[in-house]
There are 4 protein chains.
Amino acid sequence: MGFSLYGVELASRLLLGTAQYPSPAVLADAVRASSAGVVTVSVRRETGGAASGQQRFFALLGELGVRVLPNTAGCHSAREAIATAQMAREIFETDWIKLEVIGEADTLHPDPFGLVEAARELTADGFRVLPYCTEDLVTAAHLRDAGCEVLMPWGAPIGTGRGLNNVYGLRALRAHHPDIPLIVDAGIGLPSHAAAAMELGFDGILLNTAVAGAGDPVAMARAMALAIEAGRAGFEAGPVPMRDMAAPSTPVLGTPFQ
Amino acid sequence: MGFSLYGVELASRLLLGTAQYPSPAVLADAVRASSAGVVTVSVRRETGGAASGQQRFFALLGELGVRVLPNTAGCHSAREAIATAQMAREIFETDWIKLEVIGEADTLHPDPFGLVEAARELTADGFRVLPYCTEDLVTAAHLRDAGCEVLMPWGAPIGTGRGLNNVYGLRALRAHHPDIPLIVDAGIGLPSHAAAAMELGFDGILLNTAVAGAGDPVAMARAMALAIEAGRAGFEAGPVPMRDMAAPSTPVLGTPFQ
Amino acid sequence: MGFSLYGVELASRLLLGTAQYPSPAVLADAVRASSAGVVTVSVRRETGGAASGQQRFFALLGELGVRVLPNTAGCHSAREAIATAQMAREIFETDWIKLEVIGEADTLHPDPFGLVEAARELTADGFRVLPYCTEDLVTAAHLRDAGCEVLMPWGAPIGTGRGLNNVYGLRALRAHHPDIPLIVDAGIGLPSHAAAAMELGFDGILLNTAVAGAGDPVAMARAMALAIEAGRAGFEAGPVPMRDMAAPSTPVLGTPFQ
Amino acid sequence: MGFSLYGVELASRLLLGTAQYPSPAVLADAVRASSAGVVTVSVRRETGGAASGQQRFFALLGELGVRVLPNTAGCHSAREAIATAQMAREIFETDWIKLEVIGEADTLHPDPFGLVEAARELTADGFRVLPYCTEDLVTAAHLRDAGCEVLMPWGAPIGTGRGLNNVYGLRALRAHHPDIPLIVDAGIGLPSHAAAAMELGFDGILLNTAVAGAGDPVAMARAMALAIEAGRAGFEAGPVPMRDMAAPSTPVLGTPFQ
């Protein structure tokens, strides 16, 4: 069950976002229920509010005992993302950064060009970059060349809850990058979506809306944690091959164990 | 989390088959790992082998402390199934019967006609019938008229591991029979398949090949148990609605908790 | 391209329904644009209106030069369907009958039990029965035993426009009944749905709502006719096998024709 | 039915590749059966063979009376693609170029970075660029900025015959670029795949393997032409909306036309 990101061992394969919860108390309970060891925090949001709210939020994260992965949500260019990452390093005292460079405002589509540019510069500046990207194989290769040791492809656009839009593309990405952690980030809506991603061999799941927007966020956080564990365990257990036509699972005569 | 079949409360929503395991020891470990409270046993198989093997198998079931649900696997007519059910009642001292009437040998396709006939007769004879059926709405209504208080539609043909072949049909079945337990029986290959069935609102999953035929049956048994719990919890937690186009999960300005 | 139903050669593999058109003129134009040689007519509807409307409708069908396949839409029992078929034979002077026995009012789900009973009786009475059924393999076998030499499984419930809900089941039905005409009846919404059914090896398509309810019914009638011809031609032409990973379609060096 | 690429009106929405046919005669017959007005030719292949074979191939294209769209298949960098495009302009006396820059050898995955660079330079040099790209929204925007007035996203990797791997992504691309021609290029295996792409609102289809590799390439060429026409006509005719639950297509009482 070993899983590590940039040399840091993590017990849970679920990474949780911190936006959009009904209240800080629900967020805290959801994080606990999820067993997530890493939560991602929007630097722009947290530095955009009142100082008192920010302090309470940071105190909350401290109490939860989780590693903070700051993100550059809301950045629409490499420049913005780099500046935001630098601010994040100061505030959160970490060189980890979830790199988001948005290339299209409606769908929050990752910008492959901006991502590669920002990743290169941030890596050179000592950051550990976890890019939110698509399943594009060529962009993936460039991001690795730029120093990324983890990739975080989307399942579907942020907040859609559609699951895995392009299973073929995700399988190809996994097949071409067997040697680094790959985390499906965004688009997960249901526990079965998360399990399916893990069954494809992905190493972890980052999600936010599916939990924060659920009727009962705390229950959904636990459901997602179970599903991710189930999917990973299923992947490792060696599933039966799919058969086209039915075969009896129950031999009629004779006992198998004698 | 209440779940009951014919008035019997069950802690686990997973029902496990007992065929095709590499050894009795693996079967026993898989049952334990699955936390299943009910296992299904083929009457024809267990009465077709040597008496010593049979006794050891029954002893094993006794040690596991699970409820036995005998099944009529291998029966191709209502007559055969009824006779097999009667034998089952004597051997296993239970009035529960998983009713299989096979209408097509290659795919082990349930026979709607034979099922309804056998269900009517068995119910009149005091049995508690759990029919292995398809998602057909009309057959379902007839089976209920015949006294069945639980239905067990397939996801896909037995042993195929394809998951849910007809999601629309299964949703319709659930919608038309909200008031009785519905268990997806057969076709499950991966934990995500089981979770997806539970997210549709099904009450439980019966599976066999997916566990018995896995590379590591014990690990897969646990994976399935987790997935079923995840899917049910997700269903109850109220998932986010699927959106067609992306929406930001991270508001850029302002903190929500102040 | 030979295609025959009960010994009658048909030039077109499209059978068209006659309900729900904006006007008789549009119906007539749609039938012509579709090149359909057979149209299906609801006996109950046509005998339920004013005599003058009925006569005009029959005159219209006569002008179109198409074979009329009367149907038992709206019948909820074998009894009703049999009586309706007998009325149809008198009115339309044909022994062909599209047999509908509805088992569930909301979804217009075919009733396998009522279908088999009515088919048996109607065949004995000299009818040529074309049953609207599901993809159920066992029901199909019973319908053939009852004398049906054509089966018409649904793609999806009537009027839903969803296409093929259970591709696996339809493939299995085709594989188990290679020797008789199978027509997908109901559920088609788009030309690609019709083409996909033909690519599975089905012999024809019966549809109504997809054309009658389209923005431009006449244009859609032609589109469906083209799609059915395309799907059939593609099936017969021997499609390339699907490959999992990409292969170059353009060898870089050397010309293949020398 | 107006369809134009860079100001040139085209009667057919099918563009056909010229590689991999069993013989030049079959290629010629397939082009005729397809009614394609544009065929694409690999510059590298045609300049890599013997001069006599090349001349015969060019003579064949001349006889067919089709517009030649040279392509840069086999180019793995912007440099190579630009040089190949320049050679194409001399040989084929056209400023149209189907731009392929391959970023990953196994899957022939388009390279977004190389594409944008080459498109910019080729446009500045007077070319009319038709780039073979993915459904990536950001790359699409950059390609338009680089001067492309047509985009040709893949359905699936070249030669796989899988159809449309990412329907959601293709829909989003169409929605974000309503004002230019979009042609699905690669991955089509069956007529229904081509029809489905047209139903999404795409303007045309470019395919090669599906026809050249079919059992009967000429028959498949015609099937694809029909399917594309069907899909387009269906799109324009205004399909019925998909319904979740069934609705009757045949009102039981009353005739609608009186």
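## Asn165 of chain B

Asn165(B) touches Gly155(B), Ala156(B), Pro157(B), Asn165(C), Asn166(C) and Tyr168(C), when residues up to four places away in sequence are not counted; contact means heavy atoms within 4.5 Å. The residue lies in the loop between β10 (152–153) and α7 (167–176) of chain B. Helices (H or I, at least four residues) and strands (E, at least two) are DSSP runs, numbered from the N terminus. Asn165(B) and Gly155(B) are ten residues apart along the chain, and their C-alpha atoms are separated by 6.0 Å.

Asn165(B) counts as buried, at 15% relative accessibility. Buried means under 20% relative accessible area, exposed over 50%, and partly exposed in between, with a 1.4 Å probe and protein chains only.

## Basis of the model

This is a predicted model, in which local features need pLDDT of at least 70 and side-chain atom pairs count only at pLDDT 80 or more, while totals for chains, interfaces and linings use all residues. Residues are numbered from 1 along each chain as its sequence is written, chains are lettered from A and ligands numbered from 1 in the order in which they are written, and side-chain values use heavy atoms, with hydrogens and water left out.

## Chains A and B

Chain B is superposed on chain A by a rotation of 180 degrees with 0.0 Å of shift along its axis, and the RMSD is 0.0 Å. The two copies are thus related as by a two-fold rotation axis. In chain B, Ser192(B) has the C-alpha nearest the axis, 2.3 Å from it. Both copies use the same surface: 99% of the contact residues of chain B recur in chain A. The superposition is by least squares on the C-alpha atoms of residues with pLDDT of at least 70 in both copies.

Helix α5 (residues 112–124) of chain B packs with helix α5 (residues 112–124) of chain C at an angle of about 110 degrees, and their axes are 10 Å apart. Axes are lines fitted to C-alpha atoms, for helices over the stretch in contact, and angles run from 0 to 180 degrees between N-to-C directions. α5(B) and α5(C) are therefore roughly perpendicular to each other. Angles under 35 degrees count as roughly parallel, over 145 as roughly antiparallel, 65 to 115 as roughly perpendicular and the rest as oblique.

On the α5(B) side the contact is made by Pro112(B), Phe113(B) and Val116(B), and on the α5(C) side by Pro112(C), Phe113(C) and Val116(C). These residues divide into six nonpolar, no polar and no charged. Ala, Val, Leu, Ile, Met, Phe, Trp, Tyr, Cys and Pro count as nonpolar, Asp, Glu, Lys and Arg as charged, and the others, Gly among them, as polar.

## Helix α8

In chain D, eight of the nine residues of helix α8 (residues 191–199) are buried, so the helix is largely enclosed by the rest of the structure. The buried residues of α8(D) pack against α8 (191–199) and α10 (217–237) of chain C, and against β11 (183–185), β12 (204–207) and α10 (217–237) of chain D. Just after α8(D), Gly201(D) takes a positive phi of about 100 degrees.

His193(A) is found in helix α8 (residues 191–199) of chain A. This histidine, His193(A), is buried, with a relative accessible area of 13%. Apart from neighbours within four places in sequence, His193(A) is in contact with Gly161(A), Arg162(A), Gly163(A), Leu164(A), Gly187(A) and Ile188(A).

Most residues other than glycine have a negative phi. Leu108(B), which is not a glycine, has a positive phi of about 55 degrees. Leu108(B) is in the loop between β7 (102–104) and β8 (109–110) of chain B, and at 12% relative accessibility counts as buried.

Glu93(C) also has a positive phi, near 50 degrees. Glu93(C) sits in the loop between α4 (78–92) and β6 (96–99) of chain C, and is exposed, with a relative accessible area of 71%.

## Cysteines

The count comes to zero disulfides over all chains, a disulfide being a pair of cysteine sulfur atoms within 2.5 Å. For Cys148(B), the nearest cysteine sulfur is that of Cys133(B), 8.2 Å away. Cys148(B) is buried, with a relative accessible area of 3%.
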